[in-house]
Amino acid sequence: MSYADIEKEFAFEVYPKRDLTLVRGQGVTVWDDADKSYIDCTAGVGVANVGHGNPRVAEAIAQQAATLTTCAGIFYNDVRARLLEKLVGIAPDGLNRAFLCNSGTESMEAAIKFARHATGKTEFVCAMRGFHGRTMGALSATFKYRDQYEPLLGGFSFVPFNKIEKLRNALSDSTAAVILEPVQGEGGIRPADPDYMDAVQALCTEKGILLIVDEIQTGLCRTGSMFASDRYGITPDILCLAKALGGGVPIGAVLTGDRITPAIGMHGSTFGGNPLACAAALATIEFMEENDLCEHAREMGDWFAKQFRGKQPARVRELRQTGLMIGIELKEKATPFLMTLMEEGVLALSAGPTVIRLLPPLTITREELGVVIEKLLKVLAD
Ligand SMILES: Cc1ncc(COP(=O)(O)O)c(C=O)c1O
């Protein structure tokens, strides 16, 4: 039996699978079980920002695995302390504490609880096309994927993205927080307009409403700065983080500002802040800083956009790019093109029915990106 067959028999399958078994990765490249290589523009859905098998991260994990992997939140820990300090050090101004968890959806789950705790209010205004995770709280803030699970949490409403008057009209005295992605990822790689973000921040401040920014996909150099919030010059009250933080090891974080006060017993997690994930995250952030990965992502992303736009095939409606968060919206369905691209040795994602999404490791070189462009142009040719 092949590995695919074994998964088919034993997995409680919830994913639309591609016929590909990946067994190894190094940098931007992954290999299948027949030793065919691919340029990986999925990066585990925006996880492997520092590349697969990053030696710095691998070394930190190996060392920590032999030292101490688990340490309950009731004790202090050396590696956790260093990560918390580092996270607050890189966070947008005004965010001065972090709660550690294990995934993106958990980070949003905690953010919802923290906002309710801080305000005593239960209503949230979120964006249409927004995605914040699959657990019941995070799903309540998510626009899609909810139908099968109603009733979800009450108090969540949705407004069109980038329309400030719609947001203003949706806010009330019962609103605890506004929840937004600075660049909608799953929703099709749709960046917020800078004026919109400024206005959202001003509106939240004016009305005393918290601003929760979901940087689970945009965080950690993906958009060409450590956080997309830095690009927009905004100061959220809560910033959610996960995906790339652990260099491949599961970890999430909720960064909080002065308006969110912690209290003993308000939340918790067995694995949250475990030293193994913390060591991986520390090594990941240090690698990003030492290699100026944000700057590299910005340069590579801009270069990609320039090259691609110069030769843009007719079936492309629009290219949307911020750093190495890239969406190519087609005038037709994206899936068939993703499959041909895979045959050509490039793995990419979708983001909605018509958008090809590229989230390559941020270590990608101009040469590797050149191959991606060449293959894209071949596959999308008329
Ligand atoms: C913006 C955003 N928020 C939340 C999530 C959920 O993260 P996780 O899959 O780690 O639960 C994702 C995952 O794709 C995401 O892109």
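**View 1. Helices α11 and α13 pack at an angle of about 30 degrees, with their axes 11 Å apart.** Here axes are lines fitted to C-alpha atoms, for helices over the stretch in contact, and angles run from 0 to 180 degrees between N-to-C directions; helices (H or I, at least four residues) and strands (E, at least two) are DSSP runs, numbered from the N terminus. This is a predicted model, in which local features need pLDDT of at least 70 and side-chain atom pairs count only at pLDDT 80 or more, while totals for chains, interfaces and linings use all residues. Residues are numbered from 1 along each chain as its sequence is written, and side-chain values use heavy atoms, with hydrogens and water left out. The angle makes α11 roughly parallel to α13, given that angles under 35 degrees count as roughly parallel, over 145 as roughly antiparallel, 65 to 115 as roughly perpendicular and the rest as oblique. The contact (heavy atoms within 4.5 Å) involves residues of α11 including Trp 303, Phe 304 and Phe 308, and residues of α13 including Leu 369, Ile 373 and Leu 377. By class, the residues of this contact divide into ten nonpolar, two polar and two charged, where Ala, Val, Leu, Ile, Met, Phe, Trp, Tyr, Cys and Pro count as nonpolar, Asp, Glu, Lys and Arg as charged, and the others, Gly among them, as polar.

**View 2. The axes of helix α12 (residues 335–343) and helix α13 (residues 366–380) come within 10 Å and cross at roughly 130 degrees.** The two helices are therefore oblique to each other. From α12, the residues making the contact are Phe 337, Thr 340 and Leu 341, and from α13 they are Lys 375, Leu 376, Val 379 and Leu 380. This contact has five nonpolar, one polar and one charged residues.

**View 3. A disulfide joins Cys 221 to Cys 294, with the sulfur atoms 2.3 Å from each other.** A disulfide is a pair of cysteine sulfur atoms within 2.5 Å, and the structure holds one. Cys 221 lies in the loop between β10 (210–214) and α9 (228–232), and Cys 294 in helix α11 (residues 293–310), so the pair ties together parts that are 73 residues apart in sequence. Cys 221 is buried at 0% relative accessibility, and Cys 294 is buried too, at 13%; buried means under 20% relative accessible area, exposed over 50%, and partly exposed in between (1.4 Å probe, protein chains only). Cys 71, by contrast, is in no disulfide, and the nearest cysteine sulfur, that of Cys 278, is 9.2 Å away. For Cys 240, the closest cysteine sulfur is in Cys 101, at 8.0 Å, too far for a bond.

**View 4. Phe 227 lies in the loop between β10 and α9.** At 0% relative accessibility, Phe 227 is buried. Not counting residues up to four places away in sequence, Phe 227 touches several residues, among them Ile 90, Pro 92, Leu 220, Leu 239 and Leu 255. Phe 227 and Ile 216 are eleven residues apart in sequence and 9.7 Å apart in space, C-alpha to C-alpha.

**View 5. Thr 135 has its place in the loop between β5 (123–127) and α6 (136–140).** With a relative accessible area of 34%, Thr 135 is partly exposed. Leaving aside neighbours within four places in sequence, Thr 135 is in contact with Thr 105 and Glu 109.
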